[in-house]
Amino acid sequence: MTDFIVEVQGLCVQFGSFFAVKDVSFCVPRGEIFGFLGANGAGKTTTIRVICGLLPATKGSVIVDGEPFLPGREDRIKAKVGYMSQRFTLYEDLTVGENLDFAAMLHQVSGALYKQRKEDLFAMIQFNRTERTMVADLPSGTKQQVALVASLIHDPNLVVLDEPTAGVSPVSRQKFWELIHQLAAKGKTIFVTTHYMDEAENCNRIVLMRSGEIIALGTPKDLEKETFPKPMFRLLPKSDLSTEQLKNFKEQCELFMPYGRYFHVIFPKEGLVPPLFQEHFSVESIAPSLEDVFIQKVEGDRSW
Ligand SMILES: Nc1ncnc2c1ncn2[C@@H]1O[C@H](COP(=O)(O)OP(=O)(O)O)[C@@H](O)[C@H]1O
Ligand SMILES: [Mg+2]
C-alpha cells in the first residue's frame with residue numbers, strides 16, 4: 001500500500017457564500033515532489049493553508065503525516081509541516097540569525113540541535129554571509145533561500161512551498177529547484193505551487209486547479225499524453241495571414257493554438273499534414289509541453 005503523507009478527501013473551503021475550494025481530493029505519496037498549478041485565485045493557497053493547519057476546512061477531511069486536522073489539534077499538524085508562504089515569511093527588519101531564532105523558538109528547537117541544524121542548512125544553501133546581515137539587505141534569491149532554511153529548522157517531513165520562485169531571477173529559480181531536488185533526495189516530501197510551467201516539469205506529479213476544483217492530476221508525461229493523444233506540430237506562417245485565412249485554418253484543425261509567432265496544431269488525421277498547411281507554414285513535429293496542457297485545460301477556447 002502506498003504510504004501517503006497528505007490525504008485530502010472532499011475538501012471544501014467557504015468564505016461567506018463563496019467556495020474557494022470545492023470538493024478537492026488528492027493524496028501525496030511520501031518522498032514526491034508534488035506540484036500544484038493554477039491561475040491566480042484558483043484556490044492553491046487556500047488548500048495549502050488547510051494542509052498546514054492554519055485554516056479549518058468547511059467540509060472534508062485532511063490527514064497530514066498521520067495527523068488528522070481536528071479543531072484544537074492544529075499544532076500537531078504545524079509541527080509536521082515546513083511552510084514557506086507566498087511572501088517568504090521573513091521579517092525584513094531583523095537579521096538572518098534573529099529570523100532563524102524566531103522560527104526555532106516557534107517550533108521549540110533549541111540548544112545544540114538548533115545549532116547543528118542551522119549549520120547544516122546554511123551549508124545546503126551555501127550561505128556565505130554573516131548571520132548578522134539584515135534580511136532587508138539580502139538579494140531576493142538569498143532571501144528566498146533563508147526563508148527555506150527557516151521553514152526547515154524543525155526538520156519537517158513535509159515541506160510546503162507556496163510560489164517560492166515568484167519574483168526571483170531565473171538563475172535563483174534554478175538554484176532553488178536544485179535545493180528542492182536535494183531535499184527530495186533526502187526523503188522529504190515537497191508540495192509546491194508555481195506559475196512557471198517549465199518548473200512544473202520538475203515535479204513527479206501535478207494537480208491543475210481551476211476555480212477551486214481539480215481539473216487534472218498526474219505525472220507531467222501522462223497529462224501531456226492524455227490531453228494530446230495525437231501528434232502535435234509547430235507551425236510558422238511563411239507570410240502574413242488574414243483573419244479570414246486563420247479562421248479557415250482553425251476550422252480544419254482539432255487544435256490551432258497561437259503561441260507567439262507560432263501555432264501549436266493537431267490535425268484530425270493522425271500525423272497527416274494537409275497540403276494547404278504545408279503551403280502556408282513551415283511545419284515541425286513537437287512534443288506537447290505542460291504549458292500546452294495548461295492552456296488547453298485551463299483556458300480552452302478562451303485563448304481566442
Ligand atoms: N480570507 C478570504 N476571504 C475571502 N475570500 C478569500 C480569502 N482567501 C482567499 N479568498 C478567495 O479565494 C479564492 C482562492 O484564493 P487563493 O487560494 O489565494 O488562490 P491562489 O493561491 O490559487 O491564487 C480567491 O478568489 C480569493 O480571492
Ligand atoms: Mg496563492
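This is a short tour of the structure, stop by stop.

**Before you start**

This is a predicted model, in which local features need pLDDT of at least 70, side-chain atom pairs count only at pLDDT 80 or more, and totals for chains, interfaces and linings use all residues. Residues are numbered from 1 along each chain as its sequence is written, chains are lettered from A and ligands numbered from 1 in the order in which they are written, and side-chain values use heavy atoms, with hydrogens and water left out.

**Stop 1: the whole chain**

Show the chain as a cartoon. Its secondary structure comes to 11 helices and 14 strands. Helices here are DSSP runs of H or I with at least four residues, strands are runs of E with at least two, and both are numbered from the N terminus. Along the principal axes, the C-alpha atoms fill a box of roughly 75 × 45 × 40 Å. Of the 304 residues in the chain, 47% are buried. Buried means under 20% relative accessible area, exposed means over 50%, and partly exposed is in between, using a 1.4 Å probe and protein chains only.

**Stop 2: ligand 1**

Select ligand 1 and display its surroundings. The shell takes in residues with a heavy atom within 4 Å. Phe 15, Phe 18, Ala 20, Ala 39, Asn 40, Gly 41, Ala 42, Gly 43, Lys 44, Thr 45 and Thr 46 surround the ligand. They divide into 5 nonpolar, 5 polar and 1 charged. In this grouping, Ala, Val, Leu, Ile, Met, Phe, Trp, Tyr, Cys and Pro are nonpolar; Asp, Glu, Lys and Arg are charged; the others, Gly among them, are polar.

Which elements each supply at least two residues of this shell? They are strand S2 (18-29) and helix H1 (44-51). H1 gives the largest share, 3 residues.

Now look at the oxygen atoms of ligand 1. A backbone N or O atom of Gly 43 lies 3.0 Å from one ligand oxygen. For Lys 44, a polar side-chain atom lies 2.9 Å from an oxygen of the ligand. For Thr 46, a side-chain N or O atom is 2.5 Å from a ligand oxygen. On its own, ligand 1 has 560 Å² of accessible area, and the protein covers 62% of that. Such areas come from the Shrake-Rupley method with a 1.4 Å probe.

**Stop 3: Asp 162**

Select Asp 162, in strand S7 (residues 158-162). Asp 162 is buried, yet it has no salt bridge. A salt bridge is a side-chain nitrogen of Lys or Arg within 4 Å of a carboxyl oxygen of Asp or Glu. How far away is the nearest side chain of opposite charge? That side chain is Lys 44, 6.5 Å away. Lys and Arg count as positive, Asp and Glu as negative, while His and the chain ends are not counted.

Show the neighbouring side chains. Asp 162 makes a side-chain polar contact with Thr 45 at 2.7 Å. Another 2.7 Å contact joins its side chain to that of Thr 193. A polar contact is a pair of N or O atoms within 3.5 Å; within protein, one must be able to donate a hydrogen and the other to accept it, and residues adjacent in sequence count only if both atoms are side-chain atoms.

**Stop 4: salt bridges**

The structure holds 14 salt bridges. Begin with Asp 3 and Arg 30, whose closest N and O atoms are 2.7 Å apart. Asp 3 sits in the segment before strand S1 (4-15) and Arg 30 in the loop between S2 and strand S3 (33-37), so the pair ties together parts 27 residues apart in sequence.

Move to Arg 173. It bridges to Asp 198, with closest N and O atoms 3.1 Å apart. Arg 173 lies in helix H6 (residues 170-185) and Asp 198 in helix H7 (residues 197-200), so this pair links parts 25 residues apart in sequence. Glu 199 also bridges to Arg 173, at 2.8 Å. Arg 173 is buried at 13% relative accessibility, and Glu 199 is buried at 4%.

**Stop 5: two loops**

Select Gln 108, in the loop between helix H3 (96-106) and helix H4 (111-125). Its phi is positive, about 55°, although it is not a glycine. Gln 108 is exposed, at 73% relative accessibility.

Finish at Ser 211, between strand S9 (205-210) and strand S10 (213-218). Ser 211 is not a glycine either, yet has a positive phi of about 45°. At 44% relative accessibility, Ser 211 is partly exposed.
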